[in-house]
Amino acid sequence: MWGQNNTEEALAYQYYQQADYEKAASLLEKLYNRTRNDNYFDLYYTSLLKIKKYDEAETLIKRLIKQSPQKLNYQIALGRIYQENGKTTEANKIYYAAIQHIPKNEFMFRELANSFYRFEAYDMAVNTFLQGRKVLNDEQIFAYELLSIYRFKKDKAGLITEYLNALPSNPQLLPQAQSILSNVFESNNDYQSLQSALLKKIQKDPDNEIFTELLIWQFIQQQQYDMALRQLIAQDKRTKTTSNLIFNTANTFVANQAFPTAIKAYEYLLTKGMENEFYLASKIQLINAKYELAMQGKIDQLAIKTLADEFSQIITQFGVNNQTVFASKKLAYLQAYYLNDFSAAEKTLEQAVKVPGLPPTEIGELKIDLGDIYVLNKQPWEAVLIYEQVAKQYDNLPVANDARFRSAKLSFYQGNFKFAKSQADILKSSTSQLMANDALNLSLLISDNLQSKNDSLALMMYADAEMLQFINNNVAALKKLDSIDTAYPKNSLADDILMAKAKIFIKNNDFTQAEANLKQLISSHFTSIWIDDAIFMLAELYEGKLNNLEEAKKLYQQLITDFPGSMLNTEARKRYRNIRGDNVGT
């Protein structure tokens with residue numbers, strides 16, 4: 001009999017897997033009647049449903065219920081027959097009765113919920129777990145199971161309720177909650193629902209930081225940075241324990257380029273006094289945030305002078321060392337590019353380079369910055385010497401190729417196009433994709449615009465304009481670019497001029513003018529070396545500055561489709577998916 005069972009079982013499984021339920025049912029009926037094994041029963045009963053033999057299945061189940069009324073799986077099986085047969089009311093009546101009659105037994109609640117889950121009756125599985133909480137008098141039990149079902153169903157309200165229920169005792173769930181909610185939320189209304197639920201929780205439990213952290217995340221997702229900070233400060237004034245959270249969130253503001261709000265956050269931490277553990281870190285980050293604002297052209301000359309003084313104070317207070325090199329580097333940049341004090345900038349960097357124990361890459365970067373300042377201060381030979389020194393001294397590091405490219409650009413500014421191109425051609429094989437792309441663009445810019453004397457002379461003016469832009473004289477650079485066509489009509493630099501002007505306008509926060517130049521480049525110069533850069537830059541403008549996500553999405557899609565070999569393709573794909581609402585990076 002054992003051998004016969006094995007043969008019939010193998011054949012029954014084969015028929016079942018091949019969806020030949022008629023033959024499977026015939027064999028499974030025999031096997032079940034012979035063994036009373038529930039595994040055979042499940043397959044036999046499912047086969048009957050598949051071939052719509054509802055009456056036969058109902059007769060079988062009712063007989064089994066009569067024999068074993070305590071077995072809930074038989075009752076659920078009867079409900080499923082009614083459900084499959086369109087008798088939803090009768091099915092639900094059986095389901096609810098089964099749920100209500102489960103004794104105080106965690107295993108039985110799980111078993112019943114799993115039965116519902118197996119045939120996709122997800123709402124009944126949820127009802128089972130919720131009833132289990134009542135009977136077992138435990139509001140935290142079954143949290144992971146409920147979250148799994150809500151996530152599968154993309155039940156936003158259920159996820160919000162369950163995460164807010166689970167987080168106080170399971171704070172490690174916060175990153176998962178943020179990831180999953182961002183994946184299922186589709187509009188501001190979804191975030192507003194979360195906000196309303198969180199505010200109610202905070203009213204009842206104002207000292208629980210986990211709710212505040214999630215509320216702050218919600219504000220950041222909607223770019224309501226000031227609201228996030230206001231909530232943080234309010235909680236800190238109540239609990240006096242939120243400094244760590246404020247500091248970390250301020251760093252998040254910086255990462256999202258919300259520098260004014262970050263500055264307010266760091267300034268608030270400084271008001272807590274020098275005894276606060278984040279005092280020094282906040283002071284440094286405050287100056288860095290102000291520096292980033294300066295780089296965006298959003299603070300005036302007086303504020304830049306004040307900022308430079310703050311960097312100087314850090315260096316004076318703590319000396320020139322490993323910990324303050326960052327301040328030296330940024331101070332030199334302000335001195336050179338905004339305050340036109342080249343001598344002071346040179347002195348600042350020359351002192352920083354001498355700091356013992358600096359990593360080779362950092363020394364190389366400082367020397368390159370010093371070379372750039374020599375260029376600004378009209379000492380090109382000094383600049384060439386230091387670029388070459390970095391290239392030789394750190395030959396196996398990426399900083400060496402950076403130095404070589406700076407040297408090539410300097411030759412380009414000086415009109416030594418042949419040497420600049422030869423250097424750029426060498427760097428086209430750089431391991432850094434960004435460096436290789438920049439070198440390729442420089443090489444093509446030169447070769448494409450030396451075809452005639454008219455073009456060569458126009459390229460000289462263009463190189464002058466690039467030099468003016470490099471030294472931060474954007475007004476003169478624009479004027480020079482605009483005059484090229486007048487001096488040398490019908491030159492071959494039209495697309496290059498449009499791209500150069502767009503970059504200057506973006507730097508000056510003149511996004512409307514930048515948009516106009518990029519659109520003209522894309523529409524009129526589709527074979528330009530700048531075409532993929534122009535498409536990406538315009539998409540970035542629409543996404544981050546001009547608040548036109550639909551146009552940004554179209555442009556990212558165009559870049560992905562039309563320029564699959566572009567080095568910008570991967571980033572464009574990521575941004576396209578992000579705008580579309582995909583769960584990128586989780």
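Phe-116 touches Ile-76, Tyr-95, Ile-99, Ala-121, Met-124, Ala-125 and Thr-128, leaving out residues up to four places away in sequence; touching, or contact, means heavy atoms within 4.5 Å. Keep in mind that this is a predicted model, where local features need pLDDT of at least 70, side-chain atom pairs count only at pLDDT 80 or more, and totals for chains, interfaces and linings use all residues. Residues are numbered from 1 along each chain as its sequence is written, and side-chain values use heavy atoms, with hydrogens and water left out.

**Nonpolar cores**
- A nonpolar core is a set of buried Ala, Val, Leu, Ile, Met, Phe, Trp, Tyr and Cys residues joined through side-chain atoms within 4.5 Å.
- Buried means under 20% relative accessible area (1.4 Å probe, protein chains only).
- The largest core has 100 residues, and Phe-41 and Phe-116 touch the most other members.
- Helix H13 (residues 209–221) gives the most to this core, eight residues; helices here are DSSP runs (H or I, at least four residues), numbered from the N terminus.
- There's also a second, separate core of 97 residues, with Ile-314, Val-390, Ile-522 and Ile-529 among them.

**Aromatic rings**
- Rings of Phe, Tyr and Trp (its six-membered ring) pair if their centres lie within 6.5 Å; planes under 30 degrees apart are stacked, over 60 edge-to-face, and the rest tilted.
- That rule gives 26 aromatic pairs.
- One of them is Tyr-32 with Phe-41, tilted at 50 degrees between the planes and 5.8 Å centre to centre; both residues are buried.

**A look at Gln-231**
- Gln-231 sits in helix H14 (residues 225–239) and is buried, at 16% relative accessible area.
- Beyond its neighbours within four places in sequence, Gln-231 contacts Leu-199, Ile-202, Thr-212, Leu-215 and Phe-219.

Definitions and conventions. Helices (H or I, at least four residues) and strands (E, at least two) are DSSP runs, numbered from the N terminus. Buried means under 20% relative accessible area, exposed over 50%, partly exposed in between (1.4 Å probe, protein chains only).
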